[in-house]
Amino acid sequence: MMENSRNGTLTRLEEHLVPGRTPLLNKISELQTEISQLQEAVVSHTVVDQAIGVVITLGGLHPEQGFQVLREVSQHTNTKLRQVSELIVNWVHGEHLPDEIRTALNKALARAQSSERSTALPPAF
């Protein structure tokens, strides 16, 4: 919809278009939606990567274990991975970490650390 400059009424944009332009406008709209979704995915991925960094630092873990810990916390608390990641990153910056997330994180870290010790190579002689 757009405002008609002559009388101030709303009219359909398509009425003023050259025939054949509607598919192009639809494609533009689809691409704008896709760009928005991709931008959201980049932000989400960044937050998850930051949370992985926090987790591997806290637990002395490998990066793949950090992601596993986040996924485990997400599943055990029925909270989306991105939200768990945001909470953990914000916690590092002084915000409160909900008890349910804190408990699940501590348990997941303990399991990952235990797994790390059991798969470590014996010291060299």
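Trainee: Which residue takes a positive phi just after H3?
Mentor: In this predicted model, that residue is Gly-94, with a phi of about 100°.

Trainee: Which residues of H3 are buried?
Mentor: They are Val-84, Ser-85, Ile-88 and Val-89. Viewed down the axis of H3, these buried residues fall within an arc of 130°, so they line one face of the helix.

Trainee: Turning to the largest nonpolar core, how many residues has it?
Mentor: That core has 19 residues. Those with the most contacts inside it are Val-55, Val-69, Leu-70, Val-73, Ile-88 and Leu-105.

Trainee: Which helices supply at least two residues of this core?
Mentor: Helix H1 (22–59), helix H2 (63–77), H3 and helix H4 (99–119) each do.

Trainee: Where does the largest share come from?
Mentor: H4 provides the largest share, with six residues.

Trainee: Take Val-73. What is it in contact with, leaving aside neighbours within four places in sequence?
Mentor: On that basis, Val-73 is in contact with Val-84, Ile-101, Ala-104, Leu-105 and Ala-108. Val-84 is one of the buried residues of H3, and Leu-105 is among the residues with the most contacts inside the core.

Trainee: Now Ser-74, in helix H2. Is it buried or exposed?
Mentor: Ser-74 counts as buried because its relative accessibility is 12%, and the cut-off for buried is under 20%.

Trainee: What does its side chain reach?
Mentor: The side chain of Ser-74 reaches the backbone nitrogen of Leu-81 at 3.3 Å. Neighbours within four places in sequence aside, Ser-74 is in contact with Thr-79, Lys-80, Leu-81 and Val-84.

Trainee: A change of topic: where is Leu-97?
Mentor: Leu-97 sits in the loop between H3 and H4.

Trainee: Buried or exposed, for Leu-97?
Mentor: Leu-97 counts as buried, at 0% relative accessibility.

Trainee: What is Leu-97 in contact with, again leaving aside neighbours within four places?
Mentor: Leu-97 is in contact with Leu-87, Ile-88, Trp-91, Arg-102 and Leu-105. Of these, Ile-88 and Leu-105 are among the residues with the most contacts inside the core.

Trainee: What separates the C-alpha atoms of Leu-97 and Leu-87?
Mentor: A distance of 6.3 Å separates them, with the two residues ten apart along the chain.

Definitions and conventions
Residues are numbered from 1 along each chain as its sequence is written. This is a predicted model: local features need pLDDT of at least 70, side-chain atom pairs count only at pLDDT 80 or more; totals for chains, interfaces and linings use all residues. Side-chain values use heavy atoms; hydrogens and water are left out. Buried means under 20% relative accessible area, exposed over 50%, partly exposed in between (1.4 Å probe, protein chains only). Helices (H or I, at least four residues) and strands (E, at least two) are DSSP runs, numbered from the N terminus. The arc is that of the directions from the helix axis to the C-beta atoms. A nonpolar core is a set of buried Ala, Val, Leu, Ile, Met, Phe, Trp, Tyr and Cys residues joined through side-chain atoms within 4.5 Å. Contact means heavy atoms within 4.5 Å. A polar contact is a pair of N or O atoms within 3.5 Å; within protein, one must be able to donate a hydrogen and the other to accept it, and residues adjacent in sequence count only if both atoms are side-chain atoms.
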